[in-house]
Protein chains: 2
Amino acid sequence: MGQSAPGDPVQRLEFGASLTSQGVLFRVWAPRAKELSVCISSPEAAILRMERGADGCFTAFARGLDPGAEYMYQFEDGRRRPDPVSRCQPRGVHEASQVVDPLAFGWTDGDWRGLPLQDLIIYEIHTGTFSSEGTFAGIVERIPYLRELGITAVEIMPVASFAGGRNWGYDGVALYAPHTCYGGPAGFKRMVDACHRAGLAVILDVVYNHLGPEGNYLAEYGPYFTDRYRGAWGQAINFDGAGSDPVRRFFIENALYWLTEYHVDALRLDAIHEIFDFGAVHVLREMADAFHRQARLLGREAWLIAESDLNDPRVINPPAIGGHGLDAQWHDDFHHALHTLLTGDHNGYFMDFGRIGDLAKALTQGFVYDGGRSEYRGRRHGAPSTGNSGRQFVVFNQNHDQIANADAGRRLSQLASLAQQKLAAAILWCAPALPMLFMGEEFGASTPFNYFTSFTERALAEAVSEGRRREYEPFFTDRAFPDPQAAQTFVGSRIDWAEPARTPHRELLAFNRRLIELRKSTPCLANSRKDLTQVSFGEEPRWMIVRRGDLSGLDALLLCNLSEKSLTLTVGEQSGRLALALYTGEETFGPTPSVMPPATIEKTGASVELASFTAALYLPATGKGTADDDR
Amino acid sequence: MGQSAPGDPVQRLEFGASLTSQGVLFRVWAPRAKELSVCISSPEAAILRMERGADGCFTAFARGLDPGAEYMYQFEDGRRRPDPVSRCQPRGVHEASQVVDPLAFGWTDGDWRGLPLQDLIIYEIHTGTFSSEGTFAGIVERIPYLRELGITAVEIMPVASFAGGRNWGYDGVALYAPHTCYGGPAGFKRMVDACHRAGLAVILDVVYNHLGPEGNYLAEYGPYFTDRYRGAWGQAINFDGAGSDPVRRFFIENALYWLTEYHVDALRLDAIHEIFDFGAVHVLREMADAFHRQARLLGREAWLIAESDLNDPRVINPPAIGGHGLDAQWHDDFHHALHTLLTGDHNGYFMDFGRIGDLAKALTQGFVYDGGRSEYRGRRHGAPSTGNSGRQFVVFNQNHDQIANADAGRRLSQLASLAQQKLAAAILWCAPALPMLFMGEEFGASTPFNYFTSFTERALAEAVSEGRRREYEPFFTDRAFPDPQAAQTFVGSRIDWAEPARTPHRELLAFNRRLIELRKSTPCLANSRKDLTQVSFGEEPRWMIVRRGDLSGLDALLLCNLSEKSLTLTVGEQSGRLALALYTGEETFGPTPSVMPPATIEKTGASVELASFTAALYLPATGKGTADDDR
């Protein structure tokens, strides 16, 4: 970020359109431009020749210009392009950028200081399909519902402006401009502000590994991209080649921008395994340093959470031992381990999973693949994460990717029985990690979540439809393939808010609420001490007992029957008298149980009978334990 | 390496042609082959069908076959290819491989245990041009000369078989087969054995970042290469993609092979910045672990020394703080800093240097570029190496690359005056690091060292000639451009061993011998405590005083006048009475001095007058100091 006034922690962006008392200062890094002008189109047309500095930065000052003005940068050959650091694209990604006053919004979250990482219970939301409005305001409407559910943080899929009105967000191209369809900058600020007033943290999903294929004009300005690495989704970003310093700054300042101007509490960094940086200081390390420094300056707790396919603890290790210093990362291995146990799916990356031992390892050690051979990858994969805290792993039974890509749009509610869904939920809520739900999961939404786009360039639109069809149509064995470009694919992925009131959704919702409440109120569940977590299990028949400890010596026990028959499990050594707090087979949450576990466990060696695909949670009958943690 | 008999540290290669008491076992990893046979061409023609294992490994056993037998692997379509793990290519890289008995050589170096890293004084040799024979035997002949010079280690440019008879070695394709022109496996062993008997360590330069363009058949066997990264010299090696485990093993076992079968003491890993590995365990870290473990098993000291353009201390940091655990790396910044001061060259990467402060930083901190902006690279470069020992840096005033590529084949003897050469040598020998000479540098060889090849594929040969001409001819302003394919380019790069007996070569040789002797006999010069090294300097006029300390509190002082006029330097605080040990301007080593520094320095604030481009070395007049070190 650029200079800030003394005592003013809200630093301004160095680039973009910056308001001053006299007008607007335009500044853009454009080493590839010979000449550059600002073309103002609103409120009145004007052209301002920009001055080129030695470092490829062009500047111009528009005296008297106000917020709301629209402008583009014009190159020497007449090309007009949006501002790379545009705060708003009111007419889409190909058209004019708009001047925004970053200080105009009336924040009411002055007391908000963020949440400890440990306390995050995350709810992933796609803004466009979460509500019928498809806007940030639609999220605000559901805040009371989310509070009642018990989650503590919403994670918003990427909001950076993309082509058209329907997109997951990973095709964003104006990385500083909350999408206008969703409500733009003011709408996003209102949402964050409302969340904070309700005690909810906001995590924003950001994409720093590629840009979308339509409306990406960055390469016309400077060396934002490189051919040195072959990215999964088009050109890799130039984080380590010639001219990379301003590129790194562009992304690092973007991270600071959401923290500072939008008060977000955490960023979820999309697919960092597609960020190629062989330099001596990895851009993520530099970003983490700057982000945490800025959070301290703002007096808030703020976090960086990676999506990483590397199974590399360096991502979340502190710099002192060679890590990037990110705070946490998604724990895909947990998902895959549990998913294969429930669905029997062994396609794609699921082929590497299927043992209860995998799930036990995910719970107690972190990475399941920590150096062993992965058949799917055709090589050894990962390194041990035993030294990392459980709070450094976000666990989930579903997310946007897993539903749409791994399971052809089908949620767990379509793939597994109600009993299995409840069993999976019990395991999730008892995991020594940061749990996450995908919107609607809490009530077993019956609506699919499909991949959708709305590219406007015809050749691209056709290529996306065809490419997706070629890759995914074989998996749509019982339904028509949903064309990503079709509006219906988007509309059909919307949450149906009538469902939570109906059976069995209502029961599943109540069940999840109760588990979240138990987790939050029970210290030995609320901590993320995977080092104090022990798991015993059998592969055939399939059972698992998770013992969650805390420093006061109290234990909680989650007994799981992952088999198709009722089973009697024998409880090992234990710290004291335990009382049944929840049985996933009990009447309130489902059909009348055929088997009911005992109300208390008094001693070592007790037998507990569980119906097929059920879990029983036993909590200490005396004492509350301590909410210790390992950091 | 494969299994070894108990008590037998000489483990056998898992792949290749392995001798047993009954015959020869052939084993090759060839997942891309449908069928594979061993075609034996000598002593008698025979074809053996190989058996395919589940892991893409093919095996066959040839009963009664002896060492010396020649063979190729034949694919299902009739293609015949050399063994990827061939120990010998007697007829070149396109022809048959030869069975070698790794235990047949009669080693006489049983007492040799290697040298401490600290003690390495390195002499870089290109086998083909070091002697008129161009062989390992030609090196053996010069061992008495090298001993007298005082160096402790020879570093042999790559010996892996390449196409034709003339090559620097970086186009090697049979990575386990010492080139037949040089003397093959037995010749190389004889050379190592002779070096060890003479107390010289052997460092072998190995190339693990690419293979040469002619005779590289590896991709026909398996996924050795990847398109994911764009390498500088052709396809990058697949260290992190599908099928990469056996590829990693191929290179790691190669490192162990030289250590075990050839008794080499260290490997110089060529250009590790072209080794692309995004996996959780970098192949160099895995290699360092295996190499050091094997050295311990063999009861020897052995080292891995990287050439790295990354200025990244992780390369040489221990794994505990996130490093790869290599022992040392080349210190290019030292070279560039001193080279620009002497030659005034500011082309290419030299544009980033030119200040005495750069040289001072190289001596006391390591990397000059440790996070600052490099104009040449167009970005910030590197990270600080202040925490690394001086022994982790190999310093040099010349090497094969710098002479041939940076200076159009010209050595420092053509680029700088004799006085400047002696000044540069004095700085090199007083550096708190591991010093290295390029063959002939010690006597200021007048012969050039040019780039040469002998590709036999016509299109490739022409492309190499033309490519080189396009890139380098502009720098040959005063001479004809030496075509790399021309035999004369190779012949002309040979050392002229008549020179060391002639003036001024004889004087320069004596001067270097004396400095090496002083370095070895003076504890405060012999250590590599850059943390106990202090440098004061002035940029205009150019002077520098290097103070080398040891733990006993004694200092040596090297006073340098890097300017074109005589200068009087004032000595700062000092530990005791110092005596002039060497003055680069003194009569014995050059013209009659116009200025002579005082024979002793008695106290702080003494004045020392130095002629243009000279250095004076003062050593403690009393006491010997201690040969302490920081590890």
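**View 1. Confidence of the predicted model.** Chain A has an average pLDDT of 94, and 96% of its residues score at least 70. For the model as a whole, the scores are ipTM 0.93 and pTM 0.95.

**View 2. The relation between chain A and chain B.** Chain B is superposed on chain A by a rotation of 180° with 0.0 Å of shift along the axis, and the RMSD of this superposition is 0.0 Å. This is the relation of a two-fold axis. Of the interface residues of chain B, 100% are also interface residues in chain A, so the copies meet through the same surface.

**View 3. The nonpolar cores.** The largest nonpolar core is made up of 165 residues, and those with the most contacts inside it are F26(B), Y123(B), W258(B) and L267(B). Helix α6 of chain B, which spans residues 244–261, gives the most to this core, contributing nine residues.

**View 4. The surroundings of D312(B).** D312(B) lies in the loop of chain B between strands β18 (303–306) and β19 (328–330). With a relative accessibility of 4%, D312(B) counts as buried, because buried means under 20% relative accessible area. The side chain of D312(B) is joined to that of R314(B) by a polar contact of 2.8 Å. When neighbours within four places in sequence are left aside, D312(B) is in contact with G279(A) and A280(A) of chain A, and with Q329(B) and F367(B) of chain B.

**View 5. Two cysteines of chain B and their closest cysteine sulfurs.** The count of disulfides over all chains comes to zero, the cut-off for such a pair being cysteine sulfur atoms within 2.5 Å. For C39(B), the closest cysteine sulfur belongs to C88(B) and is 19 Å away, which is too far for a bond; C39(B) is itself buried, with a relative accessible area of 6%. For C430(B), the closest cysteine sulfur is that of C560(B), at 7.8 Å, and this distance is also too far for a bond. C430(B) is likewise buried, having a relative accessible area of 2%.

How values were computed: Residues are numbered from 1 along each chain as its sequence is written. Chains are lettered from A and ligands numbered from 1 in the order in which they are written. This is a predicted model: local features need pLDDT of at least 70, side-chain atom pairs count only at pLDDT 80 or more; totals for chains, interfaces and linings use all residues. Side-chain values use heavy atoms; hydrogens and water are left out. pLDDT is the predictor's confidence in each residue, from 0 to 100. A nonpolar core is a set of buried Ala, Val, Leu, Ile, Met, Phe, Trp, Tyr and Cys residues joined through side-chain atoms within 4.5 Å. Buried means under 20% relative accessible area, exposed over 50%, partly exposed in between (1.4 Å probe, protein chains only). Helices (H or I, at least four residues) and strands (E, at least two) are DSSP runs, numbered from the N terminus. A polar contact is a pair of N or O atoms within 3.5 Å; within protein, one must be able to donate a hydrogen and the other to accept it, and residues adjacent in sequence count only if both atoms are side-chain atoms. Contact means heavy atoms within 4.5 Å. Copies are superposed by least squares on the C-alpha atoms of residues with pLDDT of at least 70 in both.
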